[in-house]
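Please consider the model displayed here with attention to its pockets and to the packing of its helices. The account begins with the pockets and then turns to the helix pairs.

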Amino acid sequence: MTYDFTTPINRKQTGSAKWIQMNHWNPSLDDTIYPLSVADVDMKLAPEIIQGLKNYLDTAVLGYDLPTEEYYSAVINWMKNQHGWPIKKDWIITIPGVVTSFYSAIRAFTAPQDGVLVLSPVYYPFYSSIEKTKRTIVKSSLIQKGTRYEVDFFDLEEKAKDPKNKLLLFSNPHNPVGRVWTTEELAKVIEICKANDVIILADEIHHDLTMPGHTFVPMATVTKEAASICITATAVSKSFNLAGLKNSNIIISDEQLRKRFLEDMEMVGLDSGTNVVGLKATELAYTVGEPWLIEFKELIWTNHQKLKAFLHQELPEVTVFDLEGTFLQWLDFNAFGLSAAELERIMHEEALVFGDEGYIFGAEGNGFERLNLAVPTNVLMEALQRLVDTMKKYR
């Protein structure tokens, strides 16, 4: 590879959230143990982005800057060239984080006690954003079929028919189960939501991270009706490991949806701008970052294949789910008959493997683990060896 995806970076002393959490769980760890939890990356960033930021900081003022024409062009060209989506400048809203957009969408399109639909198990901030805005979580559980999941369209439709359920938070590619939803699946979701006046917030933050054989389709492009009900949340944070710079692009083509979304941003003070360095990093990622991203995806796919083969050989009790998108591996440990609490204890105290516990993604995740594959391959394989050595005792 052209880029360095073999040198791990120890972030124990840098304030990294996942390292702090890991050492809270087990304070006796040595420096050879790396967390495989939160979806950021303990490896070197794209050097083109780092050099571009250095050049920028040589002359930058770092004041209250707004997106430049170069910024908008970078976002527009990326969406067109990577995803076949010809968006317009007026559709783009910058906001400090995709999770922030969940709150604005919930406040803008629902009232307290209204229902917000989710397809569970799902990214846990979906739940917290609904709870903290005093809305009601309405879960439609995904259907597990072998090593992949499908939408329960009948259940989703029944729940969408309730007039109190006014918004769907939708993850594509899906975190944590790794699905890249097909055009046909997306069209069915849109058809159900359109027929029942349900708005969709499509969290597409992992849109650049599709694996071989799969194609990501922006939800807002699927049908003519889609754009009238879709708010699309995107960012460079997962694709290029820039989450700490807090800059995301919310894309809304429908004028009325965009107006209501912006009104909420203004109400809570989000209209004053986003991180000025984040703006430049986004522009750089979308103009010079593609070669790095290509190799990053190759690493993820290699790690998925190695994990799948290793566990199939050494620990076949664990179900390894297909990875169609994201760099997050979903694993089912329920064959061991352990409670979620006992599985967590074993991971943290015996195997020293620190992923995200499945239960945080909803009750459907009890007995599951989510592992971050965006690590040097040797770091992953060392963790898997510890996992296998430990879990064999619980057969």
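On a 1 Å grid over the protein atoms alone, a pocket is an open set of points where a 1.4 Å probe fits, with protein on both sides within 12 Å along at least five of seven lines, and its lining residues have an atom within 4 Å of a point. The model is predicted, and local features need pLDDT of at least 70, side-chain atom pairs count only at pLDDT 80 or more, and totals for chains, interfaces and linings use all residues. Residues are numbered from 1 along each chain as its sequence is written, and side-chain values use heavy atoms, with hydrogens and water left out.

The largest pocket is lined by 46 residues, and those nearest its centre are Val38, Ala39, Asp40, Lys238 and Ala243. Its space amounts to about 940 Å³, where a volume is the space filled by probe spheres set on grid points joined across faces, edges and corners. Helices (H or I, at least four residues) and strands (E, at least two) are DSSP runs, numbered from the N terminus. At least two lining residues come from each of H1 (17–25), H2 (47–59), H4 (98–109), H5 (124–132) and strand E12 (356–357); H1 gives the most, with four. By class, this lining has 23 nonpolar, twelve polar and eleven charged residues, with Ala, Val, Leu, Ile, Met, Phe, Trp, Tyr, Cys and Pro counted as nonpolar, Asp, Glu, Lys and Arg as charged, and the others, Gly among them, as polar.

The second largest pocket holds about 290 Å³ of space. Of its 14 lining residues, Tyr72, Ile92, Ile93, Thr94 and Leu262 lie nearest the centre. Strand E1 (92–95) and helix H8 (255–267) each give two or more residues to this lining.

H4 and H5, which both contribute to the lining of the largest pocket, also pack against each other, at an angle of about 40° and with their axes 10 Å apart. Axes are lines fitted to C-alpha atoms, for helices over the stretch in contact, and angles run from 0 to 180 degrees between N-to-C directions. H4 and H5 are therefore oblique to each other; angles under 35 degrees count as roughly parallel, over 145 as roughly antiparallel, 65 to 115 as roughly perpendicular and the rest as oblique. In H4, Val99, Phe102, Tyr103 and Ile106 meet Pro125, Phe126, Ser128, Ser129, Ile130 and Lys132 of H5, contact meaning heavy atoms within 4.5 Å.
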